[in-house]
Amino acid sequence: MTITMYGVAALAVLISMALSMIRAFVGPTVFDRILAVNVSGTLTVVLISVYGFLDGRPDFLDIGLLYALINFIGTIAVTKYVKFQDLGHPMEGPDEGDV
Amino acid sequence: MMFDLLHTPLGPLPLADWLSWLFIVTGSFFAIVGALGIVRLPDIFSRMHGAGMVDTMGIMMILTGLMFQADTWIVVVKLALILVFIFFTSPTTTFALARAAIHGGVNPGPTVEELVEAKVIEDPQLDTKIEPTFDPKVKQEAKPSNT
């Protein structure tokens, strides 16, 4: 069994995801959990891409790109919901209705 | 045709495997160190530093390393798209999260004046007094616009 560069990358990404999941479980505030889940989702993009190369099917990069888009929108939406308890807050001042 | 160019097979690059190993091992190192920072650093604002480490150094290095192994140009273009997207969204997410944390009442730590008053550090004798520009407790007036 030879060690490939894809195997090294996948192992490192899995270790990083496990470490950030520790923070998502023990995090004292909700912002720690959002941060950990965001990092874990961004690492999933790399895991999908690496798996595509490992399997010889680089078409998986399309799924990775889509996952990056959804991860960003989801993190912004959860952050805004935690901040305002609402997703459609009206703009009343310079700091209202903002991300 | 232009799109045929994207699907033409790339010839073997010299030193491509060595460059891939270099980028992927460096990226893996920084990804694990950044994730360790997320676990071990003391508060949310310093944990964001670890998250930025994972995004910037770890993920970008690994994706750059994958670029050298591409068969066709379309793979390079897709990897570059993911790179550009992460380059712009990672600071945006960190900014939104830091603002939400300040708004949500997370204490970002003592200021210089409080540390001087508590005799933790000496007075740095700054020439200019630093005024806080953002106070979430004070509700600011909306500025009238000319439109």
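This note goes through the interface of chain B and chain A, then the cavities.

1. Ground rules. This is a predicted model, where local features need pLDDT of at least 70, side-chain atom pairs count only at pLDDT 80 or more, and totals for chains, interfaces and linings use all residues. Residues are numbered from 1 along each chain as its sequence is written, chains are lettered from A and ligands numbered from 1 in the order written, and side-chain values use heavy atoms, without hydrogens and water.

2. The interface. Contact means heavy atoms within 4.5 Å. By that rule, 48 residues of chain B touch 47 residues of chain A. The two chains bury about 4,200 Å² between them. Of this, 77% lies on carbon and sulfur atoms. Buried area is the accessible area (1.4 Å probe) that two parts lose on being put together, summed over both.

3. Two salt bridges cross the interface of chain B and chain A. A salt bridge puts a side-chain nitrogen of Lys or Arg within 4 Å of a carboxyl oxygen of Asp or Glu. K78(B) pairs this way with D62(A), and their closest N and O atoms are 3.3 Å apart.

4. The chain B side. Three elements of chain B give two or more residues each to the side that touches chain A: α2 (16-40), α3 (44-67) and α4 (73-103). The largest share, 16 residues, comes from α4(B). Helices here are DSSP runs (H or I, at least four residues), numbered from the N terminus. By class, this side of chain B has 31 nonpolar, nine polar and eight charged residues. Ala, Val, Leu, Ile, Met, Phe, Trp, Tyr, Cys and Pro count as nonpolar, Asp, Glu, Lys and Arg as charged, and the others, Gly among them, as polar.

5. The largest cavity. A cavity is a set of points on a 1 Å grid over the protein atoms alone where a 1.4 Å probe fits but cannot get out; lining residues have an atom within 4 Å of a point. Two cavities of 30 Å³ or more turn up. The largest has a volume of about 100 Å³, the space filled by probe spheres set on the points, which are joined across faces, edges and corners. Its lining includes N38(A), F72(A), D55(B) and F85(B). α4(B) gives the most, with five residues.

6. The second largest cavity. This one holds about 40 Å³. Among its lining residues are L35(A), N38(A), G52(B) and D55(B). The lining has three nonpolar, five polar and one charged residues.

Technical notes
1 Å grid on protein atoms, 1.4 Å probe; cavity = no way out; pocket = protein on both sides within 12 Å on 5 of 7 lines; lining within 4 Å.
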